[in-house]
Amino acid sequence: MEISKRSQEGGDRSVNVQAETINVNTGLSISHVKEIALEVFEGNFYKLAGVAKETADQRAKEITDQFLEELAAKNPDGLKASEDPDFQHSLFQAQKEYARCGDKELGDILVDILVDRSKEEDRSLLQVVLNESLLIAPKLNTAQLDILACCFNFAYTRRLTIRNTQMFADYLNNAVLIFSDAVGEKDSNYRHLEYVGCASIRTGTRDIVSILMQIYKAIFCKGFEREKLNEIAENDPNIWKVVIPSQHNVNLIQAGGMDDETVKTICTQHGISEENTNKLIQINNQQMMNNKEATDYLKSICPKFGKFIEDADKTAFNSLELTSVGIAIAHAHSRKKAGFDADLSIWI
């Protein structure tokens, strides 16, 4: 609110302020939160001397400024979290770890986790996981962070917005393979991820190509001739509304859904009988690439894919199962390095 006064009176224990115009804001300001944050750091960080102290103080200010900038942009209501003891502890943890190493990549991840943490007022599972992630993330190097993010984006996400082969290639190149160089590095990286509680190495392995073929089925359909649907069209003429040109041959067609369940949904929307829906799915599935054809196709659209599956096969990558903390850290790293924008609460 805005007040304009030239004279005033005050009672006991009141504070009088006089000016031409006074802006009164009863909430916390960014400068106030910054003051609190740096006070917490100063009061709790190790008593260093000389250049080390100056460096640590500068890094603490740097990550605090970055956090407050992102908080103001993504969750301005989170400023009040600065008065919560548990959040102050989380903020100090981020300041402390960044002050020690000054690693920009780590700083970005810590800030991302802190912003998410500011949204959690109750002691929820997500709050607990985010607090723990602030402790664990500094124990990981760049290769280990990339392994987590590569596994997360490949095995734990499904891109519902993919509509064609180009969008699929963009997903693989920009969300999975951007992290894949680390997959074939030292096997000790996987043991370390298990040791710090980010992942477990399970028995059995996953087949990368088979998983992609199952989730993004339409991408691997070679298409079929229109004549194959003539019999169905006699009873259900709307069948032509649920097919699209083949992704690989403009002279052929294929079912319009990314997988069988999506095809069923589309057919139901167009009033196509269950019997004819199943016939369409059967015809479509008969034209799927085999594993070798799919592998060759993936290599043709993603230059790094061949090395990725080789590295995954010779390491523990295909047996890696992420914990909640591993997912939270992978999510933050993916958001910073690959522009991933889904909410963490989908997984935790």
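How many nonpolar, polar and charged residues are in the lining of the largest pocket? The model examined here is predicted. Its largest pocket holds about 270 Å³ of space. The lining of this pocket comprises 16 residues. L160, I162, R163, G257 and M258 are the closest of them to the pocket centre. Sorted by class, the lining has 7 nonpolar, 6 polar and 3 charged residues.

The second largest pocket was examined next. About 220 Å³ of space lies within this pocket. Its lining is made up of 13 residues. Nearest the centre lie R159, D170, Y171, N174 and A175. Helix 7, which spans residues 165–176, gives the most to this lining. The contribution of helix 7 is 5 residues. By class, 6 residues of the lining are nonpolar, 4 are polar and 3 are charged.

A contact between two helices was also examined. Helix 5 covers residues 125–136, and helix 15 covers residues 324–338. The axes of the two helices come within 9 Å. They cross at roughly 75°. Angles of 65 to 115 degrees count as roughly perpendicular, so helix 5 is roughly perpendicular to helix 15. On the helix 5 side, the contact involves V129, E132, S133 and I136. These residues meet S324, V325, A328 and I329 in helix 15. By class, this contact has 5 nonpolar, 2 polar and 1 charged residues.

Note on methods: Residues numbered from 1 in each chain as written. Predicted model: local features only at pLDDT ≥ 70, side-chain atom pairs only at ≥ 80, totals over all residues. Heavy atoms only, no water. Axes fitted to C-alpha atoms, helices over the stretch in contact; angles between N-to-C directions. Helix = DSSP H or I, 4+ residues; strand = E, 2+ residues; numbered from the N terminus. Parallel < 35°, antiparallel > 145°, perpendicular 65-115°, else oblique. Contact = heavy atoms within 4.5 Å. Nonpolar A, V, L, I, M, F, W, Y, C, P; charged D, E, K, R; others polar. 1 Å grid on protein atoms, 1.4 Å probe; cavity = no way out; pocket = protein on both sides within 12 Å on 5 of 7 lines; lining within 4 Å. Points joined across faces, edges and corners; volume = space filled by probe spheres on them.
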